[in-house]
Amino acid sequence: MTERIIEMFSKAGITVSERQSDQFLTLFDFMVEYTKNVNLTAITEFEDVVTKHFIDSVLPFTMMEIPENASFIDVGTGAGFPSLPLLIMRPDLRGTLCDSLQKRCVYLELACQKIGVKAEIIHARAEELGRKRREEFDIAAARAVAALPTLAEYCLPFVKVGGRFAALKSVNEDVSSTENAARILGGEIEKTLDYRLPNGDGRRLAVLKKISQTPTKYPRSSANISKKPL
């Protein structure tokens, strides 16, 4: 199965070492076993997990420059995507994984130990943590299903001026609808890239650059973000 992981990543133009392939296989086995008791993912077939979780987490970050030893926060990480695959591929990065469910955070701590990566795991709501750790990270990332203007309000406050927020979205996402939110939050849309996974599924990467500090009133409460998106 490790050879198959190497082969599948290769089809996406990504070189994976034997050690990294072993880490991915360990993560797959652990996640599938753990999800029998804790709802982590509905995707549990081997090739689906490799494509729709592992490659889907790594591929977009090959399309943007990430400096050596950069810090990043994965907002609403869930089962650890994109952060865990990214840390397997880039162990130099300093990762912080934020999720609002304690049972997922317990899983993430164990998963990091299993695959041999270091990360800070934080049990918190993104809007609350965003008020405490403002402008701290080089990169914020999210693969959540929320609309991009909503994600921008959760994520941009974490990002240093000069840093970036990377949103991993479907091809149906209207990135231009985020221009106003980005401006209010101290950012701008730097680029939008459409690409495909090896199975043909379409994806869209939106990269927002932080150009000035986020006003201290943001992020608002989740109720206000939902009620009145920027």
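Setting aside neighbours within four places in sequence, Asp92 is in contact with Pro67, Glu68 and Asn69, where contact means heavy atoms within 4.5 Å. Before going on, note that this is a predicted model, in which local features need pLDDT of at least 70 and side-chain atom pairs count only at pLDDT 80 or more, while totals for chains, interfaces and linings use all residues. Residues are numbered from 1 along each chain as its sequence is written, and side-chain values use heavy atoms, with hydrogens and water left out.

Asp92 sits in the loop between helix 4 (83-89) and strand 2 (94-99). Helices (H or I, at least four residues) and strands (E, at least two) are DSSP runs, numbered from the N terminus. Is Asp92 buried or exposed? With a relative accessible area of 17%, Asp92 is buried. The scale calls a residue buried under 20% relative accessible area, exposed over 50% and partly exposed in between, using a 1.4 Å probe and protein chains only.

The side chain of Asp92 also has polar partners. One is the side chain of Arg90, at 2.8 Å, and another is the backbone nitrogen of Asn69, which the Asp92 side chain reaches at 2.9 Å. A polar contact is a pair of N or O atoms within 3.5 Å; within protein, one must be able to donate a hydrogen and the other to accept it, and residues adjacent in sequence count only if both atoms are side-chain atoms.

Next comes His53, which belongs to helix 3 (residues 46-58). His53 counts as buried because its relative accessibility is 7%. Its side chain and that of Arg143 are joined by a polar contact of 2.8 Å. Beyond four places in sequence, the residues in contact with His53 are Met31, Thr41, Ile43, Asp48, Phe81, Pro85 and Arg143.

Thr35 lies in the loop between helix 2 and helix 3. Which residues does Thr35 contact, leaving aside its neighbours within four places in sequence? They are Leu40, Thr41 and Thr44. The Thr35 side chain reaches the backbone nitrogen of Thr41 at 3.4 Å. Thr35 is buried, at 16% relative accessibility.

Pro198 is in the loop between strand 6 (187-196) and strand 7 (202-210). This residue is partly exposed, with a relative accessible area of 39%. Apart from neighbours within four places in sequence, Pro198 is in contact with Met8, Ala12, Thr51 and Ile55.

Glu18, in helix 2, counts as exposed at 64% relative accessibility.

| Pair | Apart in sequence | Apart in space, C-alpha to C-alpha |
|---|---|---|
| Pro198 and Thr51 | 147 residues | 7.1 Å |
| Glu18 and Arg164 | 146 residues | 31 Å |
| Thr35 and Arg90 | 55 residues | 25 Å |

Now for the helix packing. Axes are lines fitted to C-alpha atoms, for helices over the stretch in contact, and angles run from 0 to 180 degrees between N-to-C directions. Angles under 35 degrees count as roughly parallel, over 145 as roughly antiparallel, 65 to 115 as roughly perpendicular and the rest as oblique.

Helix 2 (residues 18-34) packs against helix 3 at an angle of about 120°, with the axes 11 Å apart. That makes helix 2 oblique to helix 3. Phe24, Leu25, Leu27, Phe28 and Met31 of helix 2 meet Phe46, Val49, His53, Phe54 and Val58 of helix 3. By class, these residues are nine nonpolar, one polar and no charged. Here Ala, Val, Leu, Ile, Met, Phe, Trp, Tyr, Cys and Pro count as nonpolar, Asp, Glu, Lys and Arg as charged, and the others, Gly among them, as polar.

Helix 2 and helix 5 (residues 102-115) pack at about 150°, with axes 9 Å apart. They are therefore roughly antiparallel to each other. The contact of helix 2 with helix 5 divides into nine nonpolar, two polar and one charged.

Finally, the axes of helix 1 (residues 2-11) and helix 2 come within 9 Å and cross at roughly 105°. That makes helix 1 roughly perpendicular to helix 2. Thr2, Ile5, Ile6 and Phe9 of helix 1 make this contact with Glu18, Ser21, Asp22, Phe24 and Leu25 of helix 2.
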